[in-house]
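This report describes one protein chain for a reader who has its sequence and structure at hand. It begins with a single residue and then widens to the whole chain.

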Amino acid sequence: MKLLMIICPEERQAEIRDLIGRHDVHAYTELTNVIGEGATGKHLGTHAWPGKSVLVFTAVPKAK
């Protein structure tokens with residue numbers, strides 16, 4: 001098994017759900033309202049640094 005940790009902007013949450021479903025993965029966990037800083041800048045949910053992320057965890061067989 002492999003654990004995937006996917007971090008994406010909130011506005012792409014539905015796209016990630018669709019991607020997971022297309023690959024026949026039906027077990028996942030989502031954490032919403034995730035804030036932080038990374039390669040794309042700060043996403044702190046404030047006026048100065050708008051935007052938040054979603055964190056999706058799923059475990060998939062190595063074959064996938």
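Setting aside residues up to four places away in sequence, Ser53 touches Ile7, Cys8, Pro9, Glu10, Leu31, Thr32, Asn33, Val34 and His43. Contact here means that heavy atoms lie within 4.5 Å. Ser53 belongs to strand β5, which covers residues 53-60. Its relative accessibility is 12%, and Ser53 therefore counts as buried. The term buried stands for a relative accessible area under 20%, exposed for one over 50%, and partly exposed for values in between, with a 1.4 Å probe and protein chains only.

The model is predicted: local features need pLDDT of at least 70, side-chain atom pairs count only at pLDDT 80 or more, and totals for chains, interfaces and linings use all residues. Residues are numbered from 1 along each chain as its sequence is written, and side-chain values use heavy atoms, with hydrogens and water left out.

**The chain as a whole**

The C-alpha trace spans about 40 × 20 × 15 Å along its principal axes. Of the 64 residues in the chain, 19% are buried. Where contacts join residues at least 6 apart in sequence, 59% of them link residues at least 24 apart.

The accessible surface of the chain is about 4,800 Å², and carbon and sulfur atoms account for 57% of this area. Such areas come from the Shrake-Rupley method with a 1.4 Å probe; for residues, only the protein chains shown count as cover.

**Asn33 and the residues around it**

Which residues does Asn33 contact, apart from its neighbours within four places in sequence? They are Glu10, Lys52 and Ser53. Asn33 is part of strand β2, residues 29-34.

Most residues other than glycine have a negative phi. In Asn33, phi is near 60°, a positive value. Asp24 likewise has a positive phi, near 60°, and is placed in the loop between α1 (13-22) and β2.

**Accessibility compared**

| Residue | Relative accessibility | Class |
|---|---|---|
| Ser53 | 12% | buried |
| Asn33 | 46% | partly exposed |
| Asp24 | 54% | exposed |
| His47 | 84% | exposed |

His47 lies in the loop between β4 (41-43) and β5. From His47 to Leu3 the C-alpha distance is 34 Å, and the two residues are 44 apart in sequence.

**Rings and charges**

Lys42 lies over the face of Trp49, at 4.2 Å from the ring centre. A charge sits over a ring if NZ of Lys or CZ of Arg is within 6 Å of the ring centre and within 35 degrees of the ring normal.

Notes
Helices (H or I, at least four residues) and strands (E, at least two) are DSSP runs, numbered from the N terminus.
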